[in-house]
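Please open the model in your viewer and keep the selection tool at hand.

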Amino acid sequence: MNIDQTKIAVGKYLVSPLAKQQGDGYAASVSIRSGRGSATHDRVMRFSGLFDSAAAAVHYATEHALGWIHERSTPACA
């Protein structure tokens, strides 16, 4: 069973976290989409390890997606 949580718009990105039940726990993954039409880019991250709850898996995936976006949005220091 997949548990698809609410999508989150962050600037030009659309973050879609997902928890998937696997055995005794939940696996976490997240899609980070940008662009439109034929210029759409979708980065998918799948994380190792299992979580006790779907909420914990979704939270972990969301936090990592927001960190990834923040790294790309922060200007590099010279």
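Which residue in strand 4 is the bridge partner of Val-15? The partner of Val-15 is Ile-32. Before going further, please note that this is a predicted model, in which local features need pLDDT of at least 70 and side-chain atom pairs count only at pLDDT 80 or more, while totals for chains, interfaces and linings use all residues. Residues are numbered from 1 along each chain as its sequence is written, and side-chain values use heavy atoms, with hydrogens and water left out.

**The whole chain**

Colour the chain by secondary structure. It contains 5 strands and 1 helix, in the order β-β-β-β-β-α from the N terminus. Here helices (H or I, at least four residues) and strands (E, at least two) are DSSP runs, numbered from the N terminus. Of the 78 residues in the chain, 33% are buried; buried means under 20% relative accessible area, exposed over 50%, and partly exposed in between, with a 1.4 Å probe and protein chains only.

**The hairpins**

Select residues 8-10, which are strand 2, together with strand 3, residues 13-22. These two strands run antiparallel and are joined by 3 bridges; two strands pair if DSSP finds at least two bridges between them. Val-10 has Tyr-13 of strand 3 as its bridge partner. The two strands form a hairpin with 2 residues between them, and Gly-11 in the turn has a positive phi of about 60°.

Strand 3 and strand 4 pair in the antiparallel sense over 10 bridges, and the pair Val-15 and Ile-32 belongs here. In this hairpin, 2 residues lie between the strands, and Gly-23 takes a positive phi near 60°.

**The nonpolar core**

Now show the side chains of Val-30 and Ile-32. These are the residues with the most contacts inside the largest nonpolar core, which has 17 residues. Such a core is a set of buried Ala, Val, Leu, Ile, Met, Phe, Trp, Tyr and Cys residues joined through side-chain atoms within 4.5 Å. In soluble globular proteins, nonpolar side chains tend to be buried together.

Centre the view on Val-30. Leaving aside neighbours within four places in sequence, Val-30 is in contact (heavy atoms within 4.5 Å) with residues including Val-15, Phe-47, Ala-61 and Ala-65.

**The aromatic pairs**

Finally, show the aromatic rings. Rings of Phe, Tyr and Trp (its six-membered ring) pair if their centres lie within 6.5 Å; planes under 30 degrees apart count as stacked, over 60 as edge-to-face and the rest as tilted. The count by this rule is 3 aromatic pairs.

Select Tyr-13 and Trp-68, whose pair is edge-to-face, at 5.9 Å centre to centre and with 80° between the planes. Tyr-13 lies in strand 3 and Trp-68 in helix 1, so this pair ties together parts that are 55 residues apart in sequence. Both Tyr-13 and Trp-68 are buried.

Then select Phe-47 and Tyr-60. Their ring centres are 5.2 Å apart and their planes stand at 90°, so this pair is edge-to-face. Phe-47 lies in the loop between strand 5 (41-46) and helix 1, while Tyr-60 lies in helix 1, so parts 13 residues apart in sequence are tied together. Is Phe-47 buried or exposed? At 17% relative accessibility, Phe-47 counts as buried, whereas Tyr-60, at 32%, counts as partly exposed.
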